[in-house]
Amino acid sequence: MIKRVIYFLFLTVALTACSTTKYLPPGEKLYTGGDVKVEDKNIPKKDAKALESELKTFIRPKPNSSLLGMRIKLWLYYKTKSRKGFINKFLSKYGEPPVLASQVDLQKNSDIMQNRLQNISYFQATVKGDTIGKQKIAKALFTAYPGPSYTIRNLTFPNATDNNLDTAVKGTMKQTLLKKGDKYNLDVIKNERLRIDARLKEEGFFYFAPEQLLAKVDSTVGNHQVDVVLQIKPETPDRAREIYTIRNIYVYPNYSLRDTSLKLDQAKPYRWYNIVDPRNTARPYLFANTVLLHPNDVYSRTTHNNSLNRFINLGPYRYVKNRFEDVTPDSPKLDVYYFLTPYKKKSLQLELLGRTTSANYTGSQINLSWKNRNAFKGGELLTVTLFGSTDVQVGGQNSGYNVYQYGVQTSLSWPRLITPWRVSSSNAYIPRTVLQLGYSSVVRQKLYSLNSFTGSFGYQFKTDEHKMHELNVLEATFVKPRNIQQLYLDSITKTNNPALKHVIDPQFTLGPSYAYTYDNTTEDYRTNSLYFRSKLSLSNNLYGLITGADTLAGKDKKLFGTTFNQYVKVESEIRFFHKLSSETKIATRLIAGVGLPYGNSTILPYNQQFFIGGPNSLRGFRPRSIGPGTVNPNPDGNSFIADQSGDIKLEANVELRQKLFSIVYGALFADAGNIWNAKPHQEGGTFGPNFLSQLAVDAGFGLRFDATILVLRTDLGFPLMRPYTPVNGTRSISPSFKNAILNIAIGYPF
């Protein structure tokens, strides 16, 4: 069978090749690409291979694209060329005209490669090119003779004199990128000029430019070495040699392109800056955290850029334009202008969402959000969101047990830290104080309803582009059941499953939380990238200790007339991504969470417990259908399945992601994990030393359609190991499409 497949593929490739070359003009050959060979015995094989790979990227033109040797786009070009009809016109967009061997300029390509070799220390390099062809196809072959590489012998910076610019350039010498003994490299010299310019911009040289630095290279010193002399070009203008300081700062909070006058006569001073705002659209203190430059400060590019980033992230403003004006009278000075164009203050947004889950529920959601930017003229963002959703199942085992939700969420965000003490920072990120209040109702048809009230007050701030801190001084949640149906109560009695009872238990949590996030995954150039998040949550810890709460000893305590929950909870998630190539990536994730109830609680409140399974978790199992421990969620095979929950969670995922074509990506994945209870109140559900043998395991494959702004994901997961052993069965599950779970979701799982 395998031999037949191989023969078929070989025949397909051969036929496709013939079908794309028979249309070539007489005497022409199809160009199939180029190769580079480095001829120099003094260069190590590893370095020669690297040079060959680099030089090959300079060969132009590129040959026709192919897939498994088949030039499909070229074939489409010929088949749809000059043909009428909608389908032909549509397919012709994906066609690709032939790249002919006669289009390859061997001399020009050789010159470009020779120039590249000379720029990376091979001053005596030569490159020769030729074509090799047979029948209707041809390729280019370039042979490079690099010769000896030249290294840096001496590096000279300008002498530190009374000239401010010479002294400043000399002061950057310790951090130079040019090291004695390194190979000469023109790219490094260019980067060195940029480095020096960046340093000078921090020291007030506002008008200096990298092009005003000259690197003189003397290659006649012998022994295949060079001397590099860095100096400032003589024609550099006087103002590029001056250190500039700040004079006046003006902020325009309500600027539009129609404004042609600076209106300096209407400027109102506030602390160290001036506000030009005739309509009083913003309170002056709003910009105290964004205007980081001060009068008489030496100009600093970093401080200036941080100010711009803060203006952009402030919230009320759509555009930020900046201008510096040279106002040098007797000494070099700059006036700074910030022109801010606001969003519309109030907006209304309607969202309609559709979804489907691997539990065979089909749902929809509607969100109606009202926003008031700059609500109290201090940059505050007030948001009120009304939402409602429904998840229904028709014909499945949970048919008729539909889920409905509705509620309101209110948020007020200040672009500063509201604290009893003054906190200041000078990085590029605006700290925020956030107050949130919300109410939601969950209705599970025929079973129960829950009312949930939430509130929080805290701070969000970034210390740099990768690190985020979230401190909620106070988080409160109150959940109260209502309309408990007899069917649900009978299910609790029949299954003797404490998880069912726990769902409808009243919940009252009150305490602080802190979360830390590190994320550099947005930097696509990295070979390895990392996402890490950890959160610590507390509930009524101090109050429980003061009151002596101990539910096991019969000392249940109340707060505001309600029995409160007491616990410590830690949860962490780490994601690691490794690029195998530009189109292939390995993605891994590890989740670990522990909640320890004590004092007034023997189990975490339901809304704080962990769940596992589903499209963003273990994809070979339905949502929330695993654990705790070795508990069988459906021992009788009845139609009712509870949401399984636990106090401890461990989950690991690994995924190989490969671009297939266009926006289509493929994936192979494996998942493992489970949840457990911290205390023994459910047989088989308590965490113990044998936890690794209780992990559920699945594997599968999927397709992702990544349109950048939206990722549609389909994953087919096959359960391989379940954490429990069913009656007359085993933990292992034979992979089959009968047991497979199809997950359709938006976005990547992690």
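**Rings and a sheet**

Modeller: The count comes to 32 aromatic pairs, with Phe, Tyr and Trp (its six-membered ring) pairing if ring centres lie within 6.5 Å; planes under 30 degrees apart are stacked, over 60 edge-to-face, the rest tilted. This is a predicted model: local features need pLDDT of at least 70, side-chain atom pairs count only at pLDDT 80 or more, and totals for chains, interfaces and linings use all residues. Residues are numbered from 1 along each chain as its sequence is written, and side-chain values use heavy atoms, without hydrogens and water.

Colleague: How are phenylalanine 123 and tyrosine 150 arranged?

Modeller: Tilted, because their planes are at 35°, with centres 4.7 Å apart.

Colleague: Is tyrosine 150 buried or exposed?

Modeller: Buried, at 9% relative accessibility. Buried means under 20% relative accessible area, exposed over 50%, partly exposed in between (1.4 Å probe, protein chains only). Phenylalanine 123 is partly exposed at 24%.

Colleague: Which residues does the cluster of ring pairs link?

Modeller: Phe206, Tyr207, Tyr244, Tyr299 and Phe324. The charged end of arginine 239 sits over the ring of tyrosine 207, 3.8 Å from its centre. The rule: NZ of Lys or CZ of Arg within 6 Å of the ring centre and within 35 degrees of the ring normal.

Colleague: Now the sheet. What is the strand order?

Modeller: S8-S9-S7-S11-S10, open, with mixed pairing. Strands are DSSP runs of E, at least two residues, numbered from the N terminus; two pair if DSSP finds at least two bridges between them.

Colleague: Which strands stand at the edges?

Modeller: S8 (268-270) and S10 (317-326), each with a single partner strand. S10 pairs with S11 (residues 333-342) in the antiparallel sense over 9 bridges.

Key: Helix = DSSP H or I, 4+ residues; strand = E, 2+ residues; numbered from the N terminus.
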